[in-house]
Amino acid sequence: MAGLWAAFWKDSGPGLPFLGLVLIALAVALAVRDRLAERRGDREALRAFRLMADDPAACFITDTAGHLILRNQAAETRFGSDARSLHAALGQLSLAPGELLQRLQGTAKTKGAARADLAGRGTVLRLTVHRADADRYFWRAEDLSLASGPAAQQAAERPSVVGVGADLEDVPVAIMTFGPDGVMRAANLASRELMWAGETRAAMFHELFEGLGRPVSEWLADVTAGRHPGGSEVLRVRGEEERFLQITLRRYVENGRPGALAILNDATRLKTLEAQFVQSQKMQAIGQLAGGIAHDFNNLLTAISGHCDLLLLRHGREDSDFADLEQIRQNANRAASLVGQLLAFSRKQTLNPEVLDLEDVLADLIHLLNRLMVDKVELSLGHLGGEGSRALGRIRADKRQIEQVLINLVVNARDAMPNGGGIRIETEPLTLAEDLKRDRATVPAGDYTVIRVVDHGIGIPEHQLRQIFEPFFTTKRIGEGTGLGLSMAYGIVKQSGGFIFVDSVVGQGTTFSLYFPVYEGDAQDFQPTEPRRVVARKGEGVILLVEDEASVRAFASRALTLRGYTVLEAANAEEALARLEDRTLHIDLFVTDVVMPGMDGPAWVRRAHLDRPEVKVVFMSGYAEDGLAEDQARVPNSVFLPKPFSLTDLTTTVQGLLS
């Protein structure tokens, strides 16, 4: 336009038209050059398009922003025709394709070309990029067989990927992605190794996990929809009873598609420890319940048997009521034995420990055990130490209770072999060089004497082994067992400082193993003392009887009064201390319960001894003496009388202490 103006301007000199003609010529030359360049670019684009069109691999031409300019038929077939960018096209192969594409494009910009291999389902996708010009890039995505190429050989060394790109495939954290419908979109190598030992599978979220307390698919849908913030839950792997995973879900959106990213951690060990803790808490709670029930029953049985003894004092054998009273007394004693089993389980029974040689104990017991056998069942005794080996170490335990444990185990073994078989009792000296950990217990290193009771019976199913020592649990039919035998054995062994384990295979038999620590002290320290015989006679003295159970207090008061003692009664410790405020009152003996509401027995006795240190004490309790040992040690001139006790037990103990 400037040239035309200059060429045809009137009143101009000769130079201005010439300049206008030069500008016109220059404009025409530039237009011709641009047109030729455009036609050359079109020819190059056409040539590139023809090359791409015939290429069996997916090919793209993009600008610097990744927007698609051209793509061939193979690209549409492989990745679809809806994507408007290379990022969207490759989104189905990688959780974060943008980072990968930027890295490749940056390398191509500086070096001219770049390449990366993505492991796919049975193939390796080789992604190559070339810089076409300043603002265009040529991309080629070729599927390679796993059997070709060095990269394919590397990919063959690991399982194929289900939709996770190279950026997350080798991350050492198990990662999966799921859609709102529960379909698994991706699973990296770590997750496949965790779930399927490296295999590639298609799955739904609810097909993989369960145990949330509500449908797991609802949890997934809430997270992907944004109704739930996500978080961690411990779920059970479907189809596997004892395998648990901690699943952490987080919502993500990629290319407008919401989904859930799941991070998986093996929580089987954690869940096992939790189950063991719950089991130990349950056993402890049952033990406390059993001990409390046994304590209350001992009070009732003391009153029943005591008042029965008082009635028997007035009825001779020739009396028509004597047989009925004797039946009451005998059944009360049987009930006391049952309560003793509860106390044994709760480890609150009274034991009389002594140093035992188990070979001698078994030699004496084997005759009784043989009488318990039935036809087709044989009992044998063996020592695994071998000839010339060290003998069994001595143990410290209550002989009577250890015998009861062995009787229970042998009777159970006999009942487990309805078609006959053999029961073998084995003994073995064992030295543990390091701690033995099994069945929620740790056996410290050291020397042990081991007793095993082995049978070849029907065995115990694995799911019942966890409950085998629980009170009232039995594998026998109704009416054939109380369910207290093994729980009592468990309590006695634990209270004796030992350990008991069970191994069983259904159809092959069961082995109970008892570990007792070898006692290294002097045997004389724990020899049982023979009770001194006291001739029943009229007593003298004043006794302060403190018992919160009215029926027991009434029986004890009458029994001691019949023996000639003066008895002052108190229902609790506070009432007893109030009586003792009278300094003119002379007391020869305190007879007190240990466990009472308010102040307990040892506490009030120690307070009373501040003013009356010479008064002797009889402690009564339905619990074991072990629970009183520390308190009793600080109370001089005191003895322990376990409940239930008879009239004779009470009067003999009092007479022996005052004589």
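## A guided look at a predicted 659-residue chain

A445 sits in the loop that runs between strand 17 (441-443) and strand 18 (446-455). The chain has 659 residues, 43% of which count as buried, and its secondary structure comes to 21 helices and 25 strands.

- A445 and A433 are twelve residues apart in sequence, yet their C-alpha atoms are 5.5 Å apart in space.
- Leaving out residues up to four places away in sequence, A445 touches L432, A433, E434 and D435.
- With a relative accessibility of 40%, A445 counts as partly exposed.

**The chain as a whole**

- Of the contacts between residues at least 6 apart in sequence, 58% join residues at least 24 apart.
- The chain exposes about 34900 Å², and carbon and sulfur atoms supply 52% of that area.

**Nonpolar cores**

- The largest nonpolar core has 39 residues, and the members that touch the most others are I423, F469, F512 and L514.
- Helix 14 (residues 399-415) gives this core its largest share, seven residues.
- Another core lies apart from this one; its 25 residues include A174, A190, L220 and L249.

- Helix 8 (residues 189-196) is mostly covered, with seven of its eight residues buried.
- The buried residues of helix 8 are L189, A190, S191, R192, L194, M195 and W196.
- Just after helix 8 comes A197, which takes a positive phi of about 55 degrees.
- In helix 18 (residues 573-580), the buried residues are A573, A576, L577 and L580.
- Those four lie on the same side of helix 18, because they cover an arc of only 95 degrees around the axis.
- The partners they pack against are strand 21 (542-546), strand 22 (566-570), strand 23 (589-593) and helix 19 (601-608).

- I293, F297, L300, I304 and I328 make a nonpolar surface patch of about 420 Å².
- Helix 11 (residues 268-313) supplies the largest share of the patch, four residues.
- L300, found in helix 11, is partly exposed at 43% relative accessibility.

**Salt bridges**

- The structure holds 16 salt bridges.
- K643 forms one of them with E547, the closest N and O atoms being 3.0 Å apart.
- This pair links distant parts of the chain, 96 residues apart: K643 is in the loop between strand 25 and helix 21, while E547 is in the loop between strand 21 and helix 17 (550-562).
- Both partners are buried, K643 at 6% relative accessible area and E547 at 0%.
- E326 and R329 meet through their side chains in a salt bridge of 2.2 Å, N to O.
- About one helical turn separates E326 from R329, because they are three residues apart in helix 12 (residues 322-345).
- E326 is buried, with a relative accessible area of 17%, whereas R329 is partly exposed at 26%.
- The side chains of D415 and R414 also meet in a salt bridge, at 3.1 Å from N to O.
- Here D415 is partly exposed at 34% relative accessible area, and R414 is buried at 19%.

**A salt-bridge network around D222**

- A network of salt bridges links R214, E218, D222 and R227.
- D222 has its place in helix 10 (residues 216-224) and counts as buried at 16% relative accessibility.
- Beyond neighbours within four places in sequence, D222 is in contact with R214, R227 and H228.

- A cis peptide bond joins K643 and P644, with omega at about -5 degrees.
- P644 is in the loop between strand 25 (638-642) and helix 21 (647-658).
- N637 has a phi near 55 degrees, a positive value in a residue other than glycine.
- N637 belongs to the loop between helix 20 (629-633) and strand 25, and is partly exposed, with a relative accessible area of 44%.

How values were computed:
Residues numbered from 1 in each chain as written. Predicted model: local features only at pLDDT ≥ 70, side-chain atom pairs only at ≥ 80, totals over all residues. Heavy atoms only, no water. Patch = residues over 30% accessible without salt bridge, like charges linked within 9 Å, V, L, I, M, F, W, Y side chains within 5 Å. Areas by Shrake-Rupley, 256 points an atom, 1.4 Å probe, with all protein chains shown as cover. Salt bridge = Lys/Arg side-chain N within 4 Å of Asp/Glu carboxyl O. Helix = DSSP H or I, 4+ residues; strand = E, 2+ residues; numbered from the N terminus. Buried < 20%, exposed > 50% of the residue type's maximum accessible area, 1.4 Å probe, protein only. Contact = heavy atoms within 4.5 Å. Core = buried A, V, L, I, M, F, W, Y, C linked by side-chain atoms within 4.5 Å. Arc of directions from axis to C-beta.
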